[in-house]
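Please walk through this structure with me, one part at a time. Keep the model open as you read.

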Amino acid sequence: MRLPRQPGRGWVVGVITIATALLLWYALTSLTGIINSYRFPSPPEFLAALRQIAVDGYAGGTLLRQTLQSLKIVIEGFLIASLVGVPLGFLMGWSPRVEALLNPVFLLIRPIPPLAWIPLAIVWLGLGDGAKIMVIWFAAFVPSVINTFTGVRQINPVLIEAARVHGATDWRVAKEVIAPGALPMIFTGLRLSLQASWTTLVAAELVGAFLGLGRVLSIAYRDIYPAMIAVAMVTIAIAGALMTQLLARIERMVIRWR
Amino acid sequence: MALTQDPRPTTRWAATPSSGELVCLSLGGAVIFFGSWQLIAMSGLVSQYVLPSPLTVLAQIYQLEAEPFAGFLLHQHLLSSLERFLLGFLLAAVLGIPLGLIMGRYRMLDEIVTPLFEAYRYVAPLAWVPFAALWFGTGIGGPVMVIFTGAFAPCVINAYRGAQFVERYLIEAAQTLGASNLRIMREVLLPGALPSIVAGLRVSAGLGWQSLIGAELIVVSSGLGYVMVQGQSNLAPDIVMSAMLVIGVIGLCIDVALREAERWLSRRWGRA
Amino acid sequence: MGTCVSRIRFDNVSKLFQRGNGTIAVLEDVSFEVEDQEFVTIVGPSGCGKTTLMRMVAGLETPTLGSVLVGDRPVRGPGPDRAVVFQQFALFPWKTVGENIAFGLKSKRVLRRKQVELVAHYLKLMKLEGTEDSYPHQLSGGMQQRVAIARSYAIEPEVLLMDEPFGALDAQTRTIMQEELIRITAANPRTVLFITHSVEEAVYLADRIVVLSRHPGQVREIIDVNATRERDGWSARAIEEVMETPSFTHLRAHVWKLLREQMGAANG
C-alpha cells in the first residue's frame with residue numbers, strides 16, 4: 001500500500017509475514033489438530049484437493065475448465081457493459097440534456113446492489129450463462145458510466161475553449177481534448193467495473209450455475225469439503241488479482257503521458 | 001446520488017440549457033421510462049409472469065406487509081436484514097478503523113499487515129459464504145461474517161489513508177505538548193482522519209449492504225434477500241422486484257445518511 | 001535547580017544525511033549556549049539547519065554527532081518542558097480555541113477547574129477574549145498564531161521554541177505580533193529560541209543573535225544585542241521608531257553583511 005523508503009525492507013517483511021502465516025496454518029491444523037479439519041483444511045488436505053480438481057476435475061470440470069468458464073462470462077459481461085457504459089457516460093457528460101433525460105433511470109438502478117439482480121435474472125433467463133451475463137452487466141455498467149461521466153465533467157473548461165478558439169469542431173474537441181482528458185477516470189471506472197464483475201459472478205455462480213468457480217464453491221459446500229472450498233477461494237483470489245494487474249498494464253500502455 | 005448533483009458548472013461546449021428545461025427533461029425521462037414499462041406490461045406483449053407492471057410491483061409491497069410471505073411480514077424481513085447489516089458493519093468499523101490508523105502511524109505494522117490484507121482483499125466477499133455457513137450454521141454469525149468481510153477493507157484503507165494525511169506537524173505539536181501515544185491516536189489521528197474515515201464508511205456500507213443481500217440469497221431463512229430467492233423459486237418476479245425496490249431504497253437511505261454526516265463534518269471543522 | 005533548569009547547550013552538534021553516495025552535512029560542529037531566560041534568535045539562509053537545531057532541542061530530531069542538552073540533561077524526545085510554536089500554527093482544527101489551549105494542560109493532569117482558569121488567563125493575556133468556543137478556521141492568521149502561543153505558554157514550559165512563527169502572517173500583523181511577543185516575554189520570561197528568516201525580526205527581538213552559515217551549517221557569528229537594547233531603551237518605543245535608530249541600523253547592516261557573504265559564496 002505504501003512505497004517503502006528503503007526498497008528492500010517492505011519486501012522482506014512481507015515475505016516473512018506470509019511465511020509465518022503459512023507455518024502457523026500448518027502448525028494449527030496438521031501438527032497439533034487444534035483446528036478441526038472439518039472446519040478448516042490443513043495444508044496436505046488443501047494440496048490433495050488441488051490435485052484432485054486440477055487433474056480429475058470436480059463439480060463438472062477440471063480447475064482450468066472451471067476457471068476459464070468463469071473468466072469467459074466475466075469478460076463477456078464486462079465488455080458489453082463497458083461498450084455501452086463508457087459511450088453513454090461520455091454522452092451524458094457532454095450534454096446536460098442527455099444527462100437530465102437519463103437521470104431518473106439511473107437514480108432507480110444505482111442503489112440496487114448488483115447481486116440483487118440475481119433472482120430476477122434467474123427467473124428471466126434460467127441458470128445458464130445468460131443470467132450471469134445480465135447480472136454482471138448491471139454490476140459493471142453503473143461504475144463505468146459514472147466514472148466516465150465524472151471524467152468528462154472534470155476537464156478544465158479552459159482547454160475546451162482553447163480548442164474551440166482554434167476552430168475545432170465538436171467531433172475534434174471530443175476526440176482530441178475530452179477523450180484523452182477523461183481517460184484516467186475512465187480507467188478507474190473500468191477497474192471498479194472489473195472488480196464488481198468478478199465478485200458478482202462468484203456470487204451468481206454460487207447461487208446457481210452449471211459450471212464455474214462459484215459452482216465449485218457451492219458443490220464443495222454441499223459435500224462439506226473444506227479443502228475444496230479453500231482451493232476455490234484461492235483460485236478466485238488469484239484470478240481476480242491477475243485480471244486487475246492486466247488491466248493496470250493496459251492502462252499504463254494507453255495513458256503514456258502520466 | 002443523482003448525477004445532476006454534481007456541483008460544478010457544466011462546461012460550455014454544448015449550449016447551456018436552462019434549469020427549467022433540464023427539470024422537464026428529467027421528468028420526461030421518468031415518464032417515458034415508467035410509461036413504456038407500464039404499457040408493455042399492460043399490453044400483454046410479455047407475460048405477467050415475466051414482466052410485472054410498475055403498479056403491480058408497488059402493490060406487491062403492500063401485499064407483502066399485509067400477509068406473511070416466506071414466514072414473516074415484510075417489516076420483519078427488513079428488520080432481520082438490518083440487524084445483520086448493522087452487526088457486520090459495526091464490527092468492521094470497530095476493528096477496521098483502529099487497525100487502519102495504527103498502520104498509518106506505525107510503518108512496521110503496515111509492512112507486516114499489508115501482505116495479509118492484500119491477500120484477503122482479492123477474495124470476493126461472497127466466496128466466504130461456504131465457510132461462514134460451515135462455521136456458524138444457520139445462525140446470525142454466518143451473514144454477519146460475510147458482511148464483515150465485505151465492509152472491512154474500505155474501513156481499514158480509508159482510516160490508513162486518513163492517518164497518513166494528518167499533517168506531521170499536528171502530531172509533533174501533540175508530542176511537544178506531552179500527549180501519550182494513545183492520546184495522540186484518539187485526539188489527533190482519529191479526528192484528523194475522520195473525513196477520510198467517513199468517506200470510507202460510505203463505501204463500506206455499500207459493500208456491506210451488498211454482501212448482506214448476497215449472503216441472504218444463500219444461507220438464511222429470513223430477510224430481504226431471502227424474500228427474493230423465495231420469489232424466484234415461486235417464479236414470482238413481482239415479489240422479487242418489490243424486494244429489490246425496498247433493498248434499493250434502504251441502501252439509498254444509508255448512503256444519504258452517511259453523506260450528510262460527511263457534509264456536516266466538513267462544515268463544522270472547516271476542512272475540505 | 002533554579003536557574004540552570006532551562007539552559008540550552010549545543011555540544012559539537014552535527015547532523016549528517018546520506019544522499020546518493022555522499023554525505024551531506026546539514027549542521028557541522030555547532031556549539032553554543034543559550035542562558036536561562038535568554039531570548040536568542042537564529043538567523044541564516046535557507047538550508048542552513050536552523051530549523052533542525054530547534055527541532056533537536058524539541059526532541060523531534062536527534063543529532064548524528066554531539067549532543068543537545070537542556071538544563072544540563074540530554075534531550076530524549078519531545079515533552080511539555082520544551083514547547084514549540086510552529087510556523088503553520090499546528091492548531092487542531094477539530095478542537096475549539098479553548099480546547100486547543102487546554103490540550104497540554106490535560107497531559108499535565110491539571111484539574112478541570114484549574115484548566116478553565118488558566119485558559120481564561122491566557123486568552124486575556126493574548127487578547128483573545130471571546131474566542132474560546134470558536135474553531136481555528138474561523139479566526140484570522142494572526143489570531144490563530146496567538147492561540148498557538150497561548151497554547152505553548154499555558155503549559156508553562158522551561159523553554160519556548162519558535163520556528164518562524166510569524167512567517168505566514170502579513171507584514172502588519174507580523175509587526176504587531178513582534179511587539180506582543182516582547183510584551184509577553186517581558187511579563188513571563190522564558191528561555192526562547194526563535195528561528196527566523198527576517199534580519200529585522202532577529203535584531204529586534206533578540207538578546208543575542210546566532211548567525212548560521214550553510215553548506216555546511218555552522219555558527220558564523222554570535223552578536224550581542226542586549227546591551228544596545230538596554231542602552232537605547234527599545235522596549236519603551238514603537239517598532240518603527242526603533243528601526244530608525246542608528247544602533248539598530250548598524251546591527252542590521254552587520255547581520256546582512258554576514259548573510260550576503262554566504263550568498264555570494266553560494267553563487268560562486
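This is a predicted model: local features need pLDDT of at least 70, side-chain atom pairs count only at pLDDT 80 or more; totals for chains, interfaces and linings use all residues.

Residues are numbered from 1 along each chain as its sequence is written, while chains are lettered from A and ligands numbered from 1 in the order in which they are written.

Some terms come first. A residue is buried if 20 or more other C-beta atoms lie within 10 Å of its own, exposed if 12 or fewer, and partly exposed in between, with C-beta atoms placed from the backbone. Two residues are in contact if their C-beta atoms, placed from the backbone, lie within 7 Å. Helices (H or I, at least four residues) and strands (E, at least two) are DSSP runs, numbered from the N terminus.

Back to helix 5 of chain A, residues 118–125. Here 6 of the 8 residues are buried, so this helix is largely enclosed by the rest of the structure. The buried ones are Ile118(A), Pro119(A), Leu120(A), Ala121(A), Ile122(A) and Val123(A). After the helix comes Gly126(A), with a positive phi near 80°.

Now look elsewhere in chain A. The axes of helix 3 (residues 63–94) of chain A and helix 9 (residues 213–222) of chain A come within 7 Å and cross at roughly 125°. Axes are lines fitted to C-alpha atoms, for helices over the stretch in contact, and angles run from 0 to 180 degrees between N-to-C directions. Helix 3 of chain A and helix 9 of chain A are therefore oblique to each other. Angles under 35 degrees count as roughly parallel, over 145 as roughly antiparallel, 65 to 115 as roughly perpendicular, and the rest as oblique. Helix 3 of chain A brings Gln66(A), Thr67(A) and Ser70(A) to the contact, and helix 9 of chain A brings Leu213(A), Gly214(A) and Val216(A). By class, the residues of this contact are 2 nonpolar, 4 polar and no charged. Ala, Val, Leu, Ile, Met, Phe, Trp, Tyr, Cys and Pro count as nonpolar, Asp, Glu, Lys and Arg as charged, and the others, Gly among them, as polar.

Chain B has 10 helices and 0 strands. Its C-alpha atoms fill a box of roughly 75 × 60 × 30 Å, taken along the principal axes. Of its 272 residues, 46% are buried.

Which chains share the most contacts? Of the 2 pairs of chains in contact, it is chains A and B. There, 57 residues of chain A meet 58 residues of chain B. On the chain A side, helix 4 (residues 96–109) gives the largest share, 11 residues. That side has 44 nonpolar, 7 polar and 6 charged residues.

Chain B also meets chain C, with 14 residues from chain B and 21 residues from chain C. On the chain B side, helix 7 (168–176) and helix 8 (181–216) each supply at least two residues. Helix 7 of chain B gives the largest share, 6 residues. Chain A and chain C do not touch, and their nearest C-alpha atoms are 12 Å apart.

Strand 1 (residues 8–19) of chain C runs antiparallel to strand 2 (residues 22–34) of chain C, joined by 9 bridges. Two strands pair if DSSP finds at least two bridges between them. The two form a hairpin with 2 residues between them, and Gly20(C) in the turn has a positive phi of about 65°. Strand 1 of chain C also pairs with strand 4 (residues 65–70) of chain C, in the antiparallel sense over 5 bridges. Arg9(C) has Leu69(C) in strand 4 of chain C as its bridge partner.

Where does Gly44(C) sit? Gly44(C) is in the loop between strand 3 (39–43) and helix 1 (50–58) of chain C. With 27 C-beta neighbours inside 10 Å, Gly44(C) counts as buried. Gly44(C) and Thr196(C) are 152 residues apart in sequence, yet 7.8 Å apart in space, C-alpha to C-alpha.
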